[in-house]
Amino acid sequence: MIGAHGRVPVFAYRRPVDLRKGFEGLSALVQQALGKDPLSGALYLFTNRRRTTAKVLQFDGTGLTLYIKRLARGRFAALWEGDDATTLSLTRPELELFLQGSQLVGKVALAPAALSEKDLVVRA
């Protein structure tokens, strides 16, 4: 299972990627384009220009893992349409929906915002 822990952050790269890139190429993209650490344990999602293939890069504590999915029919959601931002934060359920081919990911908020400490304050 990708990202076995519930609070694993997921970052989608919002531009098409040459998916011939492997561990090193995608790690470099995470560092240089996203400004993130590929060894942080977060999940990093990439898609190709045709949106038929997706890769997820993660450091699991012992090494980098690379998950690949190619859709038999249809296309993944176009994460680069609309917003000019380089990265899009997703929840794990949104990542799972994306990998199942949902077209709503990146266009509509599919999960509530995470609670902050301010939300948890008990008021008398």
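A nonpolar core is a set of buried Ala, Val, Leu, Ile, Met, Phe, Trp, Tyr and Cys residues joined through side-chain atoms within 4.5 Å. Buried denotes under 20% relative accessible area, exposed over 50%, and partly exposed the range in between (1.4 Å probe, protein chains only). The model is predicted: local features need pLDDT of at least 70, side-chain atom pairs count only at pLDDT 80 or more, and totals for chains, interfaces and linings use all residues. Residues are numbered from 1 along each chain as its sequence is written, and side-chain values use heavy atoms, with hydrogens and water left out.

**Nonpolar cores**

- The largest nonpolar core has 16 residues, of which L45, L95, F98 and L99 touch the most other members.
- Two or more residues of this core come from each of β1 (10-13), β2 (43-47), β3 (53-59), β5 (87-90) and α2 (92-99); helices (H or I, at least four residues) and strands (E, at least two) are DSSP runs numbered from the N terminus.
- Helix α2 supplies the largest share of this core, three residues.
- Another core, of 12 residues, lies apart from it and includes F11, V17, A42 and F46.

**Salt bridges**

- The structure contains two salt bridges, each defined as a side-chain nitrogen of Lys or Arg within 4 Å of a carboxyl oxygen of Asp or Glu.
- D18 pairs with R20, with the closest N and O atoms 2.8 Å apart; D18 is partly exposed at 38% relative accessible area, whereas R20 is exposed at 75%.
- E96 pairs with R92, with the closest N and O atoms 3.7 Å apart.
- Both E96 and R92 belong to helix α2, four residues apart, about one turn of the helix.
- E96 is partly exposed at 35% relative accessible area, while R92 is buried at 12%.
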